[in-house]
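Here's a quick briefing to read alongside the coordinates. Have the viewer open and follow along.

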Amino acid sequence: MAVGWVAALKLVPWGDVLEATPQILQAAKKLLGTTRQGTADAAAGKLADADGAAAPPVALQLQQLRERVARLELEQQESALLIQSLAEQHAQVVQAVEALRLRNRRLTAAVAILGALCVGLLVWALRP
């Protein structure tokens, strides 16, 4: 069983995976940071309005909303790129697993044939 896993690990293009890992990690951290910052900014904005302070003019609110929408669109694009990269790596792993499945099927057939040949040889050798 362990030999199958070793073969599976050999089929995965680890060079590509390791090469892409820092970029994916950096993108994920950046995405998480911007998401947390956006949530903190939104909470701060709500708190400032809840304190009874005068609400900013509508034009300023509109500009802030436009900026926030622009940031959200940028984050969405970055998320899409990250998901695409992860999907490509997932596809490579799926291909490796499929190749292993086919190898396993062939190996099982070969073992069954060898087992039948051994039993036949044993029966032939033990005949009087």
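Start with helix 3, where Glu75, Ser79, Leu82, Gln89, Ala96 and Leu100 are buried. Keep in mind that this is a predicted model, with a mean pLDDT of 79 for the protein chain and 72% of its residues at 70 or more.

**Overall layout**
- The protein chain has three helices and zero strands, so along the sequence the pattern simply reads α-α-α.
- Of its 128 residues, 11% count as buried.
- The protein chain exposes about 10500 Å², and carbon and sulfur atoms supply 69% of that area.
- Take the contacts between residues at least 6 apart in sequence: 94% of them join residues at least 24 apart.

- Helix 3 covers residues 58–126, which is 69 residues, and at 1.5 Å a residue it should span 102 Å.
- Leu114 belongs to helix 3, and it counts as exposed because its relative accessible area is 53%, over the 50% cut-off.

- Among the elements of the protein chain, helix 3 has the highest mean pLDDT, at 91.
- Helix 1 (residues 2–11) has the lowest, at 64.

Methods. Residues numbered from 1 in each chain as written. Predicted model: local features only at pLDDT ≥ 70, side-chain atom pairs only at ≥ 80, totals over all residues. Heavy atoms only, no water. Helix = DSSP H or I, 4+ residues; strand = E, 2+ residues; numbered from the N terminus. Expected span 1.5 Å × (residues − 1). Buried < 20%, exposed > 50% of the residue type's maximum accessible area, 1.4 Å probe, protein only. pLDDT = per-residue confidence, 0-100. Contact = heavy atoms within 4.5 Å. Areas by Shrake-Rupley, 256 points an atom, 1.4 Å probe, with all protein chains shown as cover.
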